Amino acid sequence: MFGRVVCGLVGRVARGGSRCFGSSQTRAVLVNTTRRGFASHKSPPESIPKYAAVAAVTVGAAAIMFAKDGLKPKPRPLVLEELEGAAVAEEKKFEQLQHVVDEPVKVEEEALSNVMKNEPETEVANETKDSTFNSETAPVENENANTEHTYIDSVESDPNAPLAAKYVIVGGGTAAFFAIRGIMDKDKNAKILVIAKENRLPYSRPPLSKELWFQSTDDDEHFTYEDWGGHKRKIFHRLANFFVDPQDLLSTDGSAVAIVTGATVVDIDHRQKILDLDDGRAVLYEKCLIATGGHPKNLPIFTEKPELNDRVILFRTLDDYERLKKLSNAGNTVAVIGGGFLGSELAVALAQNAKEKGSVHQVFPEVGNMAKILPEYLRVWTTEKVKATGVNVIANHVVKDAMLHDDGVQLILDDNTVVQADYVLVACGLEPNTQLAFRGGMEVDPIKGGILVNAELEARRDVWVAGDVASFYDVTLGRRREEHHDHAAVSGRLAGENMAGARRPYTHQSMFWSDLGPDVGYEAIGIIDASLPTVGVWAAATPNDTPKAATEQGNIRAGVDESNPESSSSTATNDNSNSSDDGSSETSSLASLQEEESVKKNTQNFGKGVVFYMRDQRVVGVLLWNVYNKIPVARKIIREGKKYDDESELTKLFKLHE
């Protein structure tokens, strides 16, 4: 018992002052001793002298190093009785550390229910093996249910509490949440600790630029909203009562998940399996997942002028949404810099929200909205659609200078045109958060920018990476890094399963979607690049061919089947159910639009259609414009890698008249 108690005390020194130790040898002895102490249920009496000796060295080293910070303790011989007395005082606090073991304890299946017993009765909480899991958000619980803790969006924890768990997840987003699901599915006694930089529980990001802006009434306090189909949902994946206090994690029966919010991991020692937090604490782990996502890129013209900081907004988090929504509600004019997914979605959302209270400008260097991904004829049509919502689209221009002017920002474009706005929203892409890779000796993709992982999403022994920050190898399309919700969900889920021993390769072909309001949207999969040759197949739309109608009919954007992480998007669909069995085409009346011929038709109303992105006569990407429930078909086409010598064959792949 004494040995374990001393190890607990040593562990506190390790966690509280590990960053103060200059000697890696001292740190290694300290950590290895700590791990042996709490990983064993019994310490033999003969180990007492060894633990006491190590403790003496450790505490003495701590005193020396802490003196550099101004504590300057008076050196004196270390008295063993004093050490034992202090250790006994810490016994209760550190008793929980005995429960971290190298292998999970086998328990009955009912143990999994312990972590769910306090969770609100929602469709997500009551999912079955064959159900489709909504990876975006969970429906709001029954209004008559106890909602005392319903909308707590962060969890407070003791900043001095010891932190240790078999599974530690760095990051608090969608990939982290689905990793929890994967771990719990494989390890029924899992103890999982999540370290989240934001002071929020894990939540879904897509609604921040979509549905939340199109509500009839604001509910920004609770962050509930209606999806396009009218279903009421909350943005958080799980509520506060799903999580246990970090101090209680190791002593909780069965599976348990704890979260520390508002903390950043600044260093990783993959050899000793230690994470250092920015508040000085250390975290011991057995298996670690890095799911740190990315941060928005800014432009030098803004970063080099600190006086503009309060007028420039980077959009990524729930806090960013709250700020932008309040500014828009107040009637401020916003200039959006960027013409991609996020910039175009937010420009339309701001215009919808502003109405007559403010105005929206959108400036980007490309020739039109989403010009990097859409073929030219569709880009022209989309740009006109964005303009019709009230956005002042300024294409083919870049901002060369910016300055404060009349309580706002004055933007000087490359042709000396002046754009005046109250605030500037920069939506120019995402930079993956790879800082831990450099600290932990992991390799960073020099082209894609993410942390390089193997087929099982592992970057180093017992360190996995998932979501936006992972650079993975696609056996069909080559090395890739994706920044989309579906990829975060599925890669997070698989990484979690692999952490718990599954050892499965990541072969998922992820999809993404974008909506310009409830009436126009698209889903896409594979390489969607406007520089590739494309073939488009189009048909007249019906009232059912909109994001709103599809959601009303049960289409769940980027839904992930819990029993099969590779199944994503919408209602379950047989891969062959939408293809003609006999090779005949029901779309013979549709035109196959070649890129160079289509510009003349830019005034056409593209109701619904499929765009195939070709490379070496093979389909490498598919964009479904107002076409839903067809992602499984598109995924199969890409995986097959078939050569299409006759492009008219592509018209047979989808039944757009259905």
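The model is predicted, so local features are reported at pLDDT of at least 70 and side-chain atom pairs only at pLDDT 80 or more, while totals for chains, interfaces and linings use all residues. Residues are numbered from 1 along each chain as its sequence is written, and side-chain values rest on heavy atoms, with hydrogens and water left out.

A nonpolar core is taken here as a set of buried Ala, Val, Leu, Ile, Met, Phe, Trp, Tyr and Cys residues joined through side-chain atoms within 4.5 Å. Buried stands for under 20% relative accessible area, exposed for over 50%, and partly exposed for values in between, with a 1.4 Å probe and protein chains only. The largest such core has 139 residues, and those with the most contacts inside it are I192, L193, F612, V622, L623, W625 and F654. A second, separate core holds 17 residues, including V399, L411, L413 and V424.

Next comes the sheet. Helices (H or I, at least four residues) and strands (E, at least two) are DSSP runs numbered from the N terminus, and two strands pair if DSSP finds at least two bridges between them. Five strands make an open sheet in the order β12-β19-β13-β14-β15, with parallel pairing. Its edges are β12 (312–314) and β15 (391–394), each of which pairs on one side only. From one strand to the next, the twist averages 20°; axes are lines fitted to C-alpha atoms, for helices over the stretch in contact, and angles between N-to-C directions run from 0 to 180 degrees. Three parallel bridges join β12 to β19 (residues 423–426), where I313 stands opposite L425.

Helix α9 (residues 341–354) touches β13 (334–337), β14 (360–363), β15 and β19, and its direction makes about 165° with that of β14. Helix α10 (residues 376–388) touches β14 and β15, at about 140° to the direction of β15.

Within α9 lies V348, which is buried at a relative accessible area of 4%. Leaving aside residues up to four places away in sequence, V348 touches F214, V386, T389, V391 and L516. V348 and A388 are 40 residues apart in sequence, yet their C-alpha atoms are 9.4 Å apart in space.

Buried residues of α10 include Y377, W381 and V386. Just after this helix, G390 takes a positive phi of about 110°.

Finally, the aromatic rings deserve a look. Rings of Phe, Tyr and Trp (its six-membered ring) pair if their centres lie within 6.5 Å, and planes under 30 degrees apart count as stacked, over 60 as edge-to-face and the rest as tilted. The structure holds 12 such pairs. Y377 is buried at 0% relative accessible area, and W538 is buried at 6%. F341, W381, F512, Y522 and W625 form one aromatic cluster.

Methods:
Contact = heavy atoms within 4.5 Å.
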